[in-house]
Amino acid sequence: MILHMGFDDMDSLSGGCTSYICALILERISELRVRFLDYPNLIRLNPNVPWKTKGNGAICLRIETDEGLGDLEEAVVDIVERSADLGDPRTSPGIVFFPGDVPREIEEFSERALFDLVSPSSAVRLLRSHGGEAIGFKGGRGIVGGLAAIGNRLLGDHTFELIAYRARENYGKRRRVDPGSVERMDRLTSPMTFNNLDRGSGRILITPRGPDPVLAGIRGESPQVLFEAFSMLRIGEPVERWVLFRTNQGTDAHLRARFEIGRLRPFRSVCVEGSVSSPPRVIAGGHVIFKLSDGTGEIDCAAYEPTGDLNKAARLLAVGDLIRAYGGVRRASKGHPRTINLEKIEVLRLARVLELRNPKCPSCGRGMESAGRGQGYRCRRCGTAAKEKVAIEIPRAISPGLYLASPRGHRHLTKPLSRYGLEKAGGCGPPIAPFFGLGPPPARAP
Ligand SMILES: [Zn+2]
């Protein structure tokens, strides 16, 4: 029997972590008679939903087994009940079991969950009609992510993340990963690894903040490069266990749906093409706002200060520029209209920016001056007269092309500049390297 198991919504602010619970589940079920058909899949979903905890990530394990469903279910539910932080009001864990091949309707549900809001009731309905099972705790919103993870088999572009976990006694303490070793690892392995640090600010990105069990996660293109990269880190605390995930991180999977401005809905992740219809203005905090219109409507676009390079690019736009804006739709709130929170822009065509200036004297080349209101212009030196100002084309400080947020402003799904050209096509076979274990990961795949 082929079985897909999806999990979601076990992250909590006090340190619960879906991926860590996945590590425990992997260890437990590998004692049963199971064969893993893929690396554990870490599927990031629409990052612009209102209720995400940390990253809106769900997990799917795909196995072949002779075990009865009952034993597997019991093992998994037992771990979730003991490990998930069910006391945190924000967690709403869900576990989904789906036997057999993944039907087209569940794939479509997953595609939708990348950019839209989908409801637990629609997930449960879909699951019932195809013969799967769901166990939800506390409302079971995690059933949505669990099912969406099952339906996303990462058949196109994908990446890997090697996550190492801390010993429990270190939860909440500063992570002892030497920043110099991260810089060196980045230098030696980039672009086959990505978002190790934000080069602009020097901020280390492989270590999260907060009380969760994750010590560090390195993202990259293959299992091999991640093992090597991890072995380059100097770490001053024990590594309790590790898991290697195959993921949709760094692929922009959430920004594929194109919408007209008139048809935008809050909380969707969208791509919109239109013309800049108001000059960018910088507001308190350094954020930049401009309007975009496409004939079906007009909407504010915001490039927040932490988006760095994107914020700088947005300042240079001008009315009439044709762009594609990518980001999440924030709903209107008191004093703020509905807004696209930008994640990237593609400048397709620049408008000519003209400025009216006093004419130059055709006889002697000197700048002319106003001859009085409504009187045109006159050259002081030779007396030549002219009627009107002249339009001068102002050179633009931005070129057509792609402008992304700086790495510190990236979502998990954001495709970093270094990945353009590295996109993969066509899935992945069964795992060839080990993909979880106790202690630190091996320095290379055996
Ligand atoms: Zn003159």
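Is the crossing of α1 and α2 left-handed or right-handed? Here are a few notes on this predicted model, starting with that helix pair.

1. The crossing of α1 and α2 is right-handed. Helix α1 covers residues 18-29 and helix α2 covers residues 69-83. Their axes lie 10 Å apart, and the two helices pack at an angle of about 145°.

2. It is worth looking at the side chains here. From α1, the residues Ile21, Leu24, Ile25, Arg28 and Ile29 take part, and they meet Leu72, Ala75, Val76, Ile79, Val80 and Ser83 of α2. Sorted by class, this contact of α1 with α2 holds nine nonpolar residues, one polar and one charged.

3. Next, please have a look at strand β9. This strand spans residues 214-220 and is mostly covered, with six of its seven residues buried. Strand β7 (residues 159-166) runs antiparallel to β9 and is joined to β9 by six bridges. Strand β8 (residues 193-194) also pairs with β9 in the antiparallel sense, over two bridges.

4. Finally, a loop residue. Gly295 sits in the loop that links β13 (288-293) and β14 (298-303). Gly295 counts as exposed because 10 C-beta neighbours fall inside 10 Å, and the cut-off for exposed is 12 or fewer. From Gly295 to Pro400 the separation is 105 residues in sequence and 22 Å in space, C-alpha to C-alpha.

Conventions. Residues are numbered from 1 along each chain as its sequence is written. This is a predicted model: local features need pLDDT of at least 70, side-chain atom pairs count only at pLDDT 80 or more; totals for chains, interfaces and linings use all residues. Helices (H or I, at least four residues) and strands (E, at least two) are DSSP runs, numbered from the N terminus. A residue is buried if 20 or more other C-beta atoms lie within 10 Å of its own, exposed if 12 or fewer, and partly exposed in between; C-beta atoms are placed from the backbone. Axes are lines fitted to C-alpha atoms, for helices over the stretch in contact, and angles run from 0 to 180 degrees between N-to-C directions. A crossing is left-handed if the near helix is turned anticlockwise from the far one by less than a right angle, and right-handed if clockwise. Two residues are in contact if their C-beta atoms, placed from the backbone, lie within 7 Å. Ala, Val, Leu, Ile, Met, Phe, Trp, Tyr, Cys and Pro count as nonpolar, Asp, Glu, Lys and Arg as charged, and the others, Gly among them, as polar. Two strands pair if DSSP finds at least two bridges between them.
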